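Me: I am new to this structure and would like to go through it slowly, asking at each step what a given description rests on.

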Amino acid sequence: MSTPAQPTPVSAPRTYLVTGAASGIGKATVAHLRAHGHTVIGADLQGTDITADLATPDGRKQLVDHARELTGGRLDAVIASAGLAQFVPRTVQVNYFGVVATLEGLRPLLAAGTNPRAVLLSSVASIHPADQTIVDAALAGDEEAAVTAAQAAVDRGEGYTIYGASKQAIARWLRRTAISDDWAATGIPLNAVAPGTTVTPMTEPMLADAEVRKAVDAGIPMPLHGHARPEQVAPLLAWLTSPENTHVTGQVIFLDGGADAVLRGDNVW
């Protein structure tokens, strides 16, 4: 067996691509990485290096094409942070199909990079009850069926299940994919971070309403320090995509103040 190549020193500048870079966790991660001397290409609907709508096939292709142009065909790390928490079918299009297209489309650029790493954003909502029709359609790669199932959930007054279904599906995709020949066998760790309630522009309107905040806290109890800030999530994303991470792959890491432990107890280890 050949001896693994020595990792690049942690201080060496790297080239990252971060989706969802215009706000929330993505924006905080871009700032964190740049503060540590890395080159970061941001992608979002507007206000970033790459403008792309990851809810659409054209937008996903645009992201990959522009990334290839801007990087010369090589990336050291990808952080797929773009996501929605709306009770509409577009949520599963961005949170699942957009993330999968991002990582699959950029994998060849990672393969050309140095100590390549990738991480995506799941959520503690992935352990909530979910619409399995949406999950199954997503995992089968059938976007039309997933959108149809999501719209059916909306029509019967269960649109709230879409977000959790999209995050459960992407977490399961991660577990399947990280150990595959395209990722683990080529030396590319692929992981997920599952935050609890994080105060971002997406969640602030909900948390500002006392009754909604009470419901959110009941569904995502966070005994350790309560709600997180995006700046508290960014360092974990940075570490997972750094050369220091040599063996962590296929993991969904809950950064949730203990919510997963409260909700699932000791039945998971």
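Reply: A helix, in the sense used here, is a DSSP run of H or I at least four residues in length, and helices are numbered from the N terminus. In this predicted model, Ala238 is found in one such run, helix α9, which spans residues 230-240.

Me: What makes a residue a contact of Ala238, leaving aside its neighbours within four places in sequence?

Reply: Contact means heavy atoms within 4.5 Å, and, with those neighbours left aside, Ala238 is in contact with Tyr16, His32 and Leu33. As for Ala118, 120 residues away from Ala238 in sequence, the C-alpha to C-alpha separation of the two is 9.9 Å.

Me: What is the make-up of the largest nonpolar core?

Reply: This core has 44 residues, and those with the most contacts inside it are Tyr96, Leu103, Leu120 and Trp173. Its largest share, 9 residues, comes from helix α3, residues 90-111. Apart from it lies another core, of 17 residues, among them Tyr16, Ala21, Ile79 and Ala238.

Me: How do you know whether helix α8 lies largely in the open?

Reply: Helix α8 covers residues 210-219, and of these 10 residues the number buried is 1, so the helix lies largely in the open.

Methods. Residues are numbered from 1 along each chain as its sequence is written. This is a predicted model: local features need pLDDT of at least 70, side-chain atom pairs count only at pLDDT 80 or more; totals for chains, interfaces and linings use all residues. Side-chain values use heavy atoms; hydrogens and water are left out. A nonpolar core is a set of buried Ala, Val, Leu, Ile, Met, Phe, Trp, Tyr and Cys residues joined through side-chain atoms within 4.5 Å. Buried means under 20% relative accessible area, exposed over 50%, partly exposed in between (1.4 Å probe, protein chains only). Helices (H or I, at least four residues) and strands (E, at least two) are DSSP runs, numbered from the N terminus.
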